[in-house]
Amino acid sequence: MTVGIVGLGLIGGSFAKAFKNSGTDVYAWNRNKETLAAAKIDSVKKELTKENIDECELVILTTYPQHCVDWLREFAPHINKSTIVIDAAGIKRKICAECWKIAEEHGFTFIGAHPMAGTQFSGYAHANASLYEGAPMILVPNPKLTDMERVIAIDKVQTMLTPCKFGFYTVTNAEHHDKIIAYTSQLAHVVSSCYANNELALKHDGFSAGSWKDLTRVAWLNPVMWSELFLENRDYLSVMIEKTINNLERCKKAIDDNDREALEAFLSEGDAIKKESERIRTA
């Protein structure tokens, strides 16, 4: 199998290394040619071009959402009709709507995808062939596909992604994906950034343990990429932020009022929900 990868950051680079380890030929496109040259040493066979993209059975778009769309629109006329194209962006409504349209126009299949894996670090230097091992992968097929076409396409993607060793797959629609991701991913980055944005963050040494480290881990981010993700999903993310503000105000009021009963009730609710979520996850 030959796989084309667009973008050689943490996500794209990790895909490249995982496929290379399985003996798959990897073609890659990257804006920075120095990074591409480095990747050719250990994972990439050749540069992905309009002249050779028709050799790829699978193409994975791993750049920023709008760039994924723009790149696919430019390369689409050269993509083989039997090729499956997926992305790895953190939002799905806009990118899927535009990429489904492009794919339909040119006769190949596009399936939205979102690997639920990553670190606070970015760039090819931090790419790891084992990044996806055991991780969830979300797939968003075109709703215009028949049931049989959807089953066949999803099965093909899962088979092609075998070298990445994903733990399990979730199939959903773009709307549901963006609503849940606003909570599980985007809100976490917002809260982490807000928490880290405090002058005491520069004075915590010797006064902090796991709590500070856990809550600030995802404040270490790419502001250009995350700004695009936040704004493209601003309707759902705004609702999540509002809910969090309401909870903080409720907690603050109990503290300001020296109301231990209200404070214990508030903390007990969060504790119970966390325990229930863990029970459901491990059931």
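## Salt bridges and a helix crossing

At 43% relative accessibility, Glu74 counts as partly exposed, because that class lies between buried (under 20% relative accessible area) and exposed (over 50%), with a 1.4 Å probe and protein chains only. This is a predicted model, in which local features need pLDDT of at least 70, side-chain atom pairs count only at pLDDT 80 or more, and totals for chains, interfaces and linings use all residues. Residues are numbered from 1 along each chain as its sequence is written, and side-chain values use heavy atoms, with hydrogens and water left out.

Glu74 forms a salt bridge with Lys50, with the closest N and O atoms 3.0 Å apart. A salt bridge here is a side-chain nitrogen of Lys or Arg within 4 Å of a carboxyl oxygen of Asp or Glu. The pair joins distant parts of the chain, 24 residues apart: Glu74 is in helix H3 (residues 65-75), and Lys50 is in the loop between strand E3 (46-47) and strand E4 (58-61). Helices (H or I, at least four residues) and strands (E, at least two) are DSSP runs, numbered from the N terminus. Lys50 is partly exposed, at 29% relative accessible area.

By this rule, the count is 20 salt bridges. The table gives some of the pairs.

| Pair | Closest N to O distance |
|---|---|
| Glu74 and Lys50 | 3.0 Å |
| Arg73 and Asp70 | 3.5 Å |

Arg73 and Asp70 are 3 residues apart in helix H3, so about one helical turn separates them. Arg73 is partly exposed at 43% relative accessible area, and Asp70 is partly exposed at 38%.

Arg260 and Glu264 both lie in helix H10 (residues 260-282), 4 residues apart, or about one turn of the helix. Arg260 is exposed, at 63% relative accessible area, whereas Glu264 is partly exposed, at 41%.

A network of salt bridges links Arg93, Glu175, Asp178 and Asp235.

The axes of helix H6 (residues 174-196) and helix H8 (residues 223-232) come within 11 Å and cross at roughly 125°. Axes are lines fitted to C-alpha atoms, for helices over the stretch in contact, and angles run from 0 to 180 degrees between N-to-C directions. H6 and H8 are therefore oblique to each other, a class left over from roughly parallel (under 35 degrees), roughly antiparallel (over 145) and roughly perpendicular (65 to 115). Ser185, Gln186, His189 and Val190 of H6 make the contact with Trp226, Leu229 and Phe230 of H8, where contact means heavy atoms within 4.5 Å.
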